Amino acid sequence: MADDHHVLPKDTLFKVFGGLIVLTIITVAVTYVPLGPLNVPVAIAIATAKAALVVLFFMALKYDNPVNALTFTIGIIMVVVFITFTLFDTAFRGDLGNVSSQTVEEIEREQKEAQEQMDQLSPEDLRVAPADYPDQRGAESGSVEPSGGGDENEQ
Amino acid sequence: MATETETAPAPTTTDEGHDHHPDHLQHHFVSSQQQFDSAKLGMWLFLITEVLLFSGMFVAYAVYRQWHPEAFVEASATLNTMFGTINTIVLLTSSLTVALSIHYIQTDQIKKCVYNLGATVLLAGGFMVIKYFEYMAKFEHGVYPGGLFDPHGAHYEHLAQIPYAPQFFSIYFVMTGIHGAHVLIGMAVIGWVAVRAWQGAYSHEYYTPVELTGLYWHLVDIVWIFLFPMLYLI
């Protein structure tokens, strides 16, 4: 019969209720403290603690037939898998947009070859700007200045 | 699990008919204990399907929040933390009264059990009334779910400039709406159980409906325990 059912003493129920209220106050109070990235984990941790109190004592899973606890635990594991594995996808979308079809070894070898080619070049091969030709500067500037003066005269 | 009580009350096999069964015991169960355990396992299985129903929405929340955290922080700041906190305490108290009602029926204090079930219905009603005022305050300012989203008024105007704010409110209305539906169903079921208890249908020997309804109500409370920080606080 029902005689062997665990009757939770009122005392325990009120204590658990007190714990739940305290945790509610804490979770509201914590929002006034800037925790940065910890805001979300702290809120979820407090909610989990509250849910655990309800499940273990109000729902009496702690004193219950273990098969009920097994059922519940398997379900919760599935929920965790559901959330975690969905986030594995959605949280990292786009991170692989710049992938190369080459292997790391191939990329490193190409970089090394390019570096070696660069090392073989002499400074003269790399000259592009007028400033790269310091020895010819005097001759060029001498020829440019008169033409500038000529423009002003025409106006 | 196999206790001596399971086999004890089965003297009917040699007798004719079922006259010696307790009224509540159905033919296909060996004992009241077995019937109670089966019903409870069935309830836990149902509760897990409920958890999975809500977890789909929790996943939607997690994905969209991870994609647009700023929008969620801004939008959630427009919710009334005061109402949310009061509603949390109301629901926690209703969980306590349901747990007490089970304590009282287990100890054959029928009246106290009924009073606590009644208090639970009243607290659930209080929760819905507060929720109603919250919803109305949103609707008045054009804060609707989905494509109807058109926020106006000093408190909500800035939401129009936040790209993904409507996503938050769609999730808010769907999650609190489905949770609210569970509260309404809970009120109906608890009310019915209270009436049956008043009529003397339950005692310490048979109180399965009270126990199972209590489990359901605690689950509704647990869902809110998570919804409250997710929607109002962070």
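Start by selecting Val79(A), which lies in helix H3 of chain A; helices (H or I, at least four residues) and strands (E, at least two) are DSSP runs, numbered from the N terminus. This is a predicted model, where local features need pLDDT of at least 70, side-chain atom pairs count only at pLDDT 80 or more, and totals for chains, interfaces and linings use all residues. Residues are numbered from 1 along each chain as its sequence is written, and chains are lettered from A and ligands numbered from 1 in the order in which they are written.

The cut-offs: 20 or more other C-beta atoms within 10 Å of a residue's own make it buried, 12 or fewer make it exposed, and anything in between is partly exposed, with C-beta atoms placed from the backbone. Leaving aside residues up to four places away in sequence, show what Val79(A) touches: Val51(B), Leu52(B) and Ser55(B). Contact here means C-beta atoms, placed from the backbone, that lie within 7 Å.

Now widen the selection to the whole contact between the chains, with 39 residues from chain A and 46 residues from chain B. On the chain A side, H1 (10–30), H2 (39–58) and H3 (66–90) each supply at least two residues, and H3(A) gives the most, with 12 residues. Colour that side of chain A by type and you get 24 nonpolar, 11 polar and 4 charged residues. For that colouring, Ala, Val, Leu, Ile, Met, Phe, Trp, Tyr, Cys and Pro are nonpolar, Asp, Glu, Lys and Arg are charged, and the others, Gly among them, are polar.

Stay in chain A, which has 5 helices and 0 strands. In the loop between H2 and H3, pick Ala60(A). Its phi is near 60°, a positive value in a residue other than glycine. Most residues other than glycine have a negative phi. Ala60(A) counts as buried, with 21 C-beta neighbours inside 10 Å, while 12% of the 155 residues of chain A count as buried.

Hop over to chain B, with 7 helices and 0 strands. Of its 234 residues, 38% count as buried. Asp108(B), in the loop between H4 and H5, also has a phi near 60°. With 13 C-beta neighbours inside 10 Å, Asp108(B) counts as partly exposed.

Next, select H7(B). Its 26 residues reach 37 Å from first C-alpha to last, close to the 38 Å expected at 1.5 Å a residue (the expected span is 1.5 Å times one less than the number of residues). Look for a kink of about 30° at Leu227(B), shortly before Pro229(B); the bend is the angle between axes fitted to the seven residues ending there and the seven starting there. Of the 26 residues of H7(B), 23 are buried, so this helix is largely enclosed by the rest of the structure.

Last stop: the largest nonpolar core, with 75 residues, a core being a set of buried Ala, Val, Leu, Ile, Met, Phe, Trp, Tyr and Cys residues joined through C-beta atoms within 7 Å. H7(B) gives the most to this core, with 17 residues. Which residues have the most contacts inside it? Ile105(B), Ala197(B), Val223(B) and Leu227(B).

Conventions: Contact = placed C-beta atoms within 7 Å.
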